[in-house]
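Please open the model in your viewer and keep the selection panel at hand. The stops below go from one selection to the next.

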Amino acid sequence: MNVDPFIEAEKTAGHNVKRTCELLKVSRTAYYARRTDAPGPRAVRVAELTERITAVHQRSRGTYGAPRVHAVLQHEGAGCGRRQVARLMRQAGLTGRTRRRRLATLIDIASRRVVGWATADHLRTELVADALTAACRSRRPHGPAIFHSDRGCQYTSRELAGLATEFEVQLPIGRTGQCWDNALAESFFSTLKNELGDPYPWPTRAAAHTAIFEWIESWYNLHRLHSSLGYRSPAEYETALAA
(Lines give C-alpha, C1' and ligand atoms only; values in the text may rest on other atoms or scores of the structure.)
Protein backbone atom coordinates (compact mmCIF):
# COMPACT_ATOMS: atom_id res chain seq x y z
CA MET A 1 0.00 0.00 0.00
CA ASN A 2 1.33 3.41 -0.98
CA VAL A 3 0.91 5.67 2.04
CA ASP A 4 2.75 8.62 0.53
CA PRO A 5 -0.44 10.48 -0.54
CA PHE A 6 -1.80 10.19 3.00
CA ILE A 7 1.47 11.46 4.50
CA GLU A 8 1.52 14.29 1.98
CA ALA A 9 -2.01 15.26 2.92
CA GLU A 10 -1.13 15.29 6.59
CA LYS A 11 1.94 17.38 5.83
CA THR A 12 -0.18 19.87 3.86
CA ALA A 13 -2.57 20.07 6.79
CA GLY A 14 0.35 21.10 8.98
CA HIS A 15 0.79 17.84 10.82
CA ASN A 16 4.18 16.47 11.80
CA VAL A 17 5.64 14.13 9.17
CA LYS A 18 7.77 12.26 11.70
CA ARG A 19 4.79 11.52 13.94
CA THR A 20 2.65 10.52 10.95
CA CYS A 21 5.30 8.06 9.76
CA GLU A 22 5.60 6.60 13.25
CA LEU A 23 1.84 6.04 13.45
CA LEU A 24 1.86 4.39 10.04
CA LYS A 25 5.00 2.42 10.92
CA VAL A 26 6.82 3.53 7.79
CA SER A 27 10.29 4.97 7.27
CA ARG A 28 10.48 8.75 7.28
CA THR A 29 13.83 8.58 5.47
CA ALA A 30 12.34 6.37 2.79
CA TYR A 31 9.38 8.72 2.42
CA TYR A 32 11.69 11.66 1.77
CA ALA A 33 13.80 9.52 -0.55
CA ARG A 34 10.69 8.72 -2.60
CA ARG A 35 9.89 12.41 -2.87
CA THR A 36 13.09 13.03 -4.87
CA ASP A 37 13.05 13.00 -8.66
CA ALA A 38 13.99 9.37 -9.23
CA PRO A 39 15.07 7.57 -6.10
CA GLY A 40 14.64 4.05 -7.43
CA PRO A 41 13.78 0.99 -5.34
CA ARG A 42 17.38 0.37 -4.30
CA ALA A 43 17.79 3.93 -3.01
CA VAL A 44 14.63 3.51 -0.98
CA ARG A 45 15.88 0.25 0.55
CA VAL A 46 19.22 1.86 1.40
CA ALA A 47 17.46 4.82 2.98
CA GLU A 48 15.26 2.55 5.07
CA LEU A 49 18.21 0.43 6.20
CA THR A 50 20.24 3.52 7.07
CA GLU A 51 17.38 4.77 9.21
CA ARG A 52 17.16 1.44 11.02
CA ILE A 53 20.93 1.44 11.56
CA THR A 54 20.76 4.97 12.94
CA ALA A 55 17.97 3.98 15.32
CA VAL A 56 19.95 0.99 16.65
CA HIS A 57 23.04 3.15 17.05
CA GLN A 58 21.07 5.78 18.98
CA ARG A 59 19.51 3.13 21.25
CA SER A 60 23.00 1.97 22.13
CA ARG A 61 23.82 5.58 23.12
CA GLY A 62 26.32 5.74 20.34
CA THR A 63 28.41 2.82 21.62
CA TYR A 64 27.69 0.10 19.04
CA GLY A 65 29.96 -0.44 16.08
CA ALA A 66 29.04 -2.31 12.89
CA PRO A 67 29.26 -5.87 14.38
CA ARG A 68 26.77 -5.17 17.17
CA VAL A 69 24.47 -3.05 15.00
CA HIS A 70 24.41 -5.88 12.47
CA ALA A 71 23.65 -8.42 15.21
CA VAL A 72 20.67 -6.36 16.40
CA LEU A 73 19.35 -6.02 12.85
CA GLN A 74 19.71 -9.76 12.34
CA HIS A 75 17.68 -10.38 15.49
CA GLU A 76 15.05 -8.00 14.14
CA GLY A 77 14.89 -9.93 10.87
CA ALA A 78 16.62 -7.41 8.62
CA GLY A 79 18.20 -8.99 5.57
CA CYS A 80 21.54 -7.21 5.40
CA GLY A 81 25.21 -8.09 5.53
CA ARG A 82 27.78 -6.94 8.04
CA ARG A 83 29.87 -5.22 5.36
CA GLN A 84 26.82 -3.37 4.13
CA VAL A 85 26.07 -2.17 7.65
CA ALA A 86 29.67 -1.01 8.08
CA ARG A 87 29.57 0.85 4.77
CA LEU A 88 26.29 2.59 5.54
CA MET A 89 27.51 3.54 9.00
CA ARG A 90 30.61 5.14 7.49
CA GLN A 91 28.47 7.05 5.01
CA ALA A 92 26.20 8.24 7.81
CA GLY A 93 29.16 9.20 10.01
CA LEU A 94 28.26 6.66 12.70
CA THR A 95 31.02 5.03 14.72
CA GLY A 96 31.10 2.82 17.76
CA ARG A 97 32.79 3.81 20.97
CA THR A 98 34.80 1.54 23.22
CA ARG A 99 36.59 1.44 26.52
CA ARG A 100 39.43 -0.57 25.08
CA ARG A 101 41.98 2.06 26.02
CA ARG A 102 45.16 0.64 27.53
CA LEU A 103 47.06 2.50 30.19
CA ALA A 104 50.64 1.56 31.29
CA THR A 105 52.01 3.11 34.48
CA LEU A 106 55.20 3.26 36.50
CA ILE A 107 54.44 3.92 40.17
CA ASP A 108 56.95 4.87 42.85
CA ILE A 109 56.45 2.11 45.41
CA ALA A 110 57.44 4.41 48.29
CA SER A 111 55.33 7.49 47.57
CA ARG A 112 52.66 5.90 45.33
CA ARG A 113 53.26 8.68 42.82
CA VAL A 114 52.65 7.84 39.15
CA VAL A 115 56.01 8.85 37.71
CA GLY A 116 55.39 7.71 34.15
CA TRP A 117 52.37 6.62 32.14
CA ALA A 118 51.12 6.18 28.59
CA THR A 119 47.92 5.24 26.78
CA ALA A 120 47.32 3.32 23.55
CA ASP A 121 44.79 1.06 21.86
CA HIS A 122 47.11 -1.96 22.11
CA LEU A 123 49.25 -3.86 24.63
CA ARG A 124 52.47 -4.06 22.62
CA THR A 125 55.93 -3.18 23.91
CA GLU A 126 55.67 0.40 22.62
CA LEU A 127 53.08 1.20 25.28
CA VAL A 128 55.35 0.14 28.14
CA ALA A 129 58.36 1.76 26.47
CA ASP A 130 56.54 5.09 26.27
CA ALA A 131 55.63 4.89 29.96
CA LEU A 132 59.22 3.98 30.94
CA THR A 133 60.63 6.83 28.86
CA ALA A 134 58.22 9.29 30.46
CA ALA A 135 59.18 8.09 33.95
CA CYS A 136 62.93 8.38 33.34
CA ARG A 137 62.60 11.84 31.81
CA SER A 138 60.43 12.96 34.70
CA ARG A 139 62.50 11.55 37.57
CA ARG A 140 65.96 11.56 35.98
CA PRO A 141 67.27 8.86 38.35
CA HIS A 142 70.87 9.17 39.48
CA GLY A 143 72.16 5.64 39.16
CA PRO A 144 70.39 2.32 38.59
CA ALA A 145 66.64 2.12 39.17
CA ILE A 146 64.34 -0.89 39.42
CA PHE A 147 61.19 -1.39 37.33
CA HIS A 148 59.34 -4.41 38.70
CA SER A 149 56.58 -5.97 36.58
CA ASP A 150 54.67 -9.16 35.92
CA ARG A 151 55.64 -11.68 33.24
CA GLY A 152 53.71 -10.16 30.34
CA CYS A 153 55.45 -10.50 26.98
CA GLN A 154 55.64 -6.73 26.58
CA TYR A 155 57.83 -6.59 29.71
CA THR A 156 60.19 -9.36 28.61
CA SER A 157 60.81 -8.18 25.05
CA ARG A 158 64.24 -7.35 23.67
CA GLU A 159 63.07 -3.86 22.78
CA LEU A 160 62.20 -3.01 26.38
CA ALA A 161 65.40 -4.63 27.66
CA GLY A 162 67.44 -2.42 25.33
CA LEU A 163 65.61 0.71 26.45
CA ALA A 164 66.06 -0.25 30.12
CA THR A 165 69.80 -0.68 29.58
CA GLU A 166 69.95 2.76 28.00
CA PHE A 167 68.27 4.30 31.06
CA GLU A 168 70.18 2.10 33.55
CA VAL A 169 66.97 0.46 34.72
CA GLN A 170 66.82 -3.09 36.02
CA LEU A 171 63.84 -5.22 35.02
CA PRO A 172 63.09 -7.84 37.69
CA ILE A 173 60.13 -10.03 36.77
CA GLY A 174 57.57 -11.39 39.22
CA ARG A 175 57.21 -15.11 39.84
CA THR A 176 54.55 -17.08 38.02
CA GLY A 177 51.29 -17.15 39.95
CA GLN A 178 52.39 -14.56 42.51
CA CYS A 179 49.47 -12.14 42.71
CA TRP A 180 51.21 -9.75 45.12
CA ASP A 181 53.75 -8.75 42.46
CA ASN A 182 51.12 -6.69 40.64
CA ALA A 183 48.99 -5.62 43.61
CA LEU A 184 50.08 -1.97 43.53
CA ALA A 185 49.24 -1.56 39.86
CA GLU A 186 45.92 -3.36 40.25
CA SER A 187 45.01 -1.08 43.15
CA PHE A 188 45.83 1.99 41.06
CA PHE A 189 43.72 0.89 38.10
CA SER A 190 40.84 0.03 40.40
CA THR A 191 41.00 3.53 41.87
CA LEU A 192 41.18 5.09 38.42
CA LYS A 193 38.08 3.22 37.25
CA ASN A 194 36.14 4.06 40.42
CA GLU A 195 37.00 7.75 40.50
CA LEU A 196 37.31 8.59 36.83
CA GLY A 197 34.94 6.01 35.41
CA ASP A 198 32.15 7.35 33.21
CA PRO A 199 28.96 5.31 32.65
CA TYR A 200 29.56 5.64 28.90
CA PRO A 201 32.70 4.97 26.87
CA TRP A 202 34.96 7.85 25.86
CA PRO A 203 34.10 9.20 22.39
CA THR A 204 37.75 9.43 21.29
CA ARG A 205 41.18 8.32 22.43
CA ALA A 206 42.20 11.99 22.75
CA ALA A 207 39.31 12.66 25.14
CA ALA A 208 40.25 9.66 27.28
CA HIS A 209 43.92 10.70 27.33
CA THR A 210 43.04 14.25 28.42
CA ALA A 211 40.77 13.05 31.22
CA ILE A 212 43.39 10.58 32.47
CA PHE A 213 46.10 13.27 32.33
CA GLU A 214 44.05 15.65 34.46
CA TRP A 215 43.14 12.93 36.95
CA ILE A 216 46.71 11.69 37.42
CA GLU A 217 48.66 14.92 37.25
CA SER A 218 46.19 17.33 38.87
CA TRP A 219 44.50 15.06 41.40
CA TYR A 220 46.06 11.67 42.07
CA ASN A 221 49.70 12.75 42.38
CA LEU A 222 49.10 16.12 44.03
CA HIS A 223 46.03 15.88 46.23
CA ARG A 224 44.57 12.40 46.63
CA LEU A 225 45.10 11.08 50.16
CA HIS A 226 46.49 7.54 50.55
CA SER A 227 45.87 5.54 53.67
CA SER A 228 49.20 3.74 53.15
CA LEU A 229 50.94 7.14 53.34
CA GLY A 230 49.24 8.21 56.56
CA TYR A 231 46.51 9.94 54.60
CA ARG A 232 48.88 12.14 52.67
CA SER A 233 49.14 12.70 48.94
CA PRO A 234 52.15 11.38 47.00
CA ALA A 235 53.43 14.93 46.52
CA GLU A 236 53.05 15.75 50.23
CA TYR A 237 54.78 12.50 51.21
CA GLU A 238 57.74 13.18 48.91
CA THR A 239 58.06 16.73 50.23
CA ALA A 240 58.15 15.48 53.80
CA LEU A 241 60.66 12.79 52.84
CA ALA A 242 62.99 15.34 51.27
CA ALA A 243 62.83 17.70 54.24
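Predicted model: local features only at pLDDT ≥ 70, side-chain atom pairs only at ≥ 80, totals over all residues.

Residues are numbered from 1 along each chain as its sequence is written, and side-chain values use heavy atoms, with hydrogens and water left out.

Begin by selecting α7 (125–139) and α8 (158–166); helices here are DSSP runs of H or I with at least four residues, strands are runs of E with at least two, and both are numbered from the N terminus. The axes of α7 and α8 lie 9 Å apart at an angle of about 10°, which makes α7 roughly parallel to α8. Axes are lines fitted to C-alpha atoms, for helices over the stretch in contact, with angles running from 0 to 180 degrees between N-to-C directions; angles under 35 degrees count as roughly parallel, over 145 as roughly antiparallel, 65 to 115 as roughly perpendicular and the rest as oblique. Show side chains for T125, V128, A129, L132 and T133 of α7, which meet E159, L160, L163 and A164 of α8.

Next, colour the largest nonpolar core, which has 18 residues, with L106, L132, F147 and V169 making the most contacts inside it. Such a core is a set of buried Ala, Val, Leu, Ile, Met, Phe, Trp, Tyr and Cys residues joined through side-chain atoms within 4.5 Å, where buried means under 20% relative accessible area, exposed over 50% and partly exposed in between (1.4 Å probe, protein chains only). Its largest share, seven residues, comes from α7.

Centre on V169, which, leaving aside neighbours within four places in sequence, is in contact (heavy atoms within 4.5 Å) with L132, C136, A145, F147 and A164. C136 is buried, at 9% relative accessibility, whereas C153 is exposed, at 61%.

Then move to H57 in helix α4 (residues 40–59), which is buried because its relative accessibility is 9%. Leaving aside neighbours within four places in sequence, H57 is in contact with G62, Y64, M89, L94, T95 and G96.

Finish with helix α9 (residues 183–196) and helix α10 (residues 205–220), whose axes come within 12 Å and cross at roughly 105°, so that α9 is roughly perpendicular to α10. Display F188, T191, L192, E195 and L196 of α9 against A211, I212, W215, I216, W219 and Y220 of α10 to see the contact.
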